[in-house]
Amino acid sequence: MNTIHSTPAASPSVSLIGAQQNDLLRALSRDDLLALFSDLELVTLPEGKHLFDFGDTVDYTYFPTNAIVSLQYVMEDGATTEIAVVGREGVVGVALNPTERASYSAVVQTAGYGYRLKTSMLRDVFYTGGPLAQQLMRYTSMMFAQLAQSVAGSRHTSIEQKLCRWLLERLDRSMSNELKVTQEMIANMLGVRRESITGAAGKLAQEGLITYRRGCVTVLDRNGMERRAGSCYQGHNTIAAPVQQRYAA
């Protein structure tokens, strides 16, 4: 009698449809994605959860689906500044050196789900080459471009433009035009006074671009927001573009 050998079944919570909600994973072929299933784990990412902090060993790499993660740099005086944001288009916690420590904190800003992979496993996959390694390198290149533009934009744009860019970055990664954020959160992430955000939000509301109620901003006119943001947003929408375009060779 012939014995049929099969690969071990993955966790029931891991599925092609679920994993493909992350654009980077969706860029992989079906076979390449299935090869990761035994190591992928679906996890809940509640708002405020620290995936890791500055100086930590990065044990897991996260592929968000509908969660949004803020990458933050903490100053010596305890002040926090956001350096980037990651959603379903990308990945958080790529540490390719076994002794590498986190150079920033990763905090879930919008609750949701994601898939995680042990960083040691990611390193093994990366150094063997192949499609996932290629996607990670392309994504890292795009992230550096985003960071460079954010730094330039932070020096040469108005507070209204900064606010538009910040909101649009979340809108790119959100399932709706409603964003659950507070003015205090925005002020902390942009490194400005809360009064400045209050004034800027008021101007955008007067222009019919947004409405604001306690803890929630609704974007009414996305095109108007992009025009208002100006050059500090151009290119940010590229990182959240359809994966077939963004990761094309």
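Modeller: Thr218 has 9% relative accessibility and therefore counts as buried (under 20% relative accessible area; over 50% is exposed, and values in between are partly exposed; 1.4 Å probe, protein chains only). The model is predicted, so local features need pLDDT of at least 70 and side-chain atom pairs pLDDT 80 or more, whereas totals for chains, interfaces and linings use all residues. Residues are numbered from 1 along each chain as its sequence is written, and side-chain values use heavy atoms, without hydrogens and water.

Thr218 belongs to strand β10, residues 216–219 (helices, H or I of at least four residues, and strands, E of at least two, are DSSP runs numbered from the N terminus). Neighbours within four places in sequence set aside, Thr218 is in contact with Asn177, Glu178, Leu209, Ile210, Thr211 and Arg213 (heavy atoms within 4.5 Å). Strand β9 spans residues 210–213, and β9 is also among the elements against which the buried residues of helix α7 pack.

Helix α7 covers residues 183–190, and six of its eight residues are buried, so the helix is largely enclosed by the rest of the structure. Those buried residues are Gln183, Met185, Ile186, Ala187, Met189 and Leu190. Besides β9, they pack against β4 (68–74), β5 (80–86), β6 (105–110), α6 (159–173) and α8 (194–206). Just after α7, Gly191 adopts a positive phi of about 70°.

The packing of α7 on α6 can be described in detail. The two helices meet at an angle of about 105°, with their axes 11 Å apart (axes are lines fitted to C-alpha atoms, for helices over the stretch in contact; angles run from 0 to 180 degrees between N-to-C directions). α6 and α7 are therefore roughly perpendicular to each other (65 to 115 degrees; under 35 is roughly parallel, over 145 roughly antiparallel, the rest oblique). From α6, the contact involves Lys162, Leu163, Arg165, Trp166 and Leu167; from α7, it involves Met185, Ile186, Met189 and Leu190. Of these residues, seven are nonpolar, none is polar and two are charged.

β4, against which the buried residues of α7 also pack, is itself largely enclosed by the rest of the structure, because five of its seven residues are buried. β4 runs antiparallel to β6, to which five bridges join it (strands pair if DSSP finds at least two bridges between them). Within that pairing, Gln72 stands opposite Ser105 of β6. Six bridges join β4 to β5, again in the antiparallel sense, and the bridge partner of Ser70 in β5 is Val85. The hairpin of β4 and β5 has five residues between the strands, and there Gly78 takes a positive phi near 95°.

The surroundings also include nonpolar cores (sets of buried Ala, Val, Leu, Ile, Met, Phe, Trp, Tyr and Cys residues joined through side-chain atoms within 4.5 Å). The largest has 38 residues, of which Leu40, Leu51, Phe52, Leu71, Val92 and Leu132 touch the most other members. Helix α5, residues 131–156, supplies the largest share of this core, five residues. Apart from it lies another core, of 25 residues, including Cys164, Leu168, Ala187 and Tyr233.

Definitions and conventions: Nonpolar A, V, L, I, M, F, W, Y, C, P; charged D, E, K, R; others polar.
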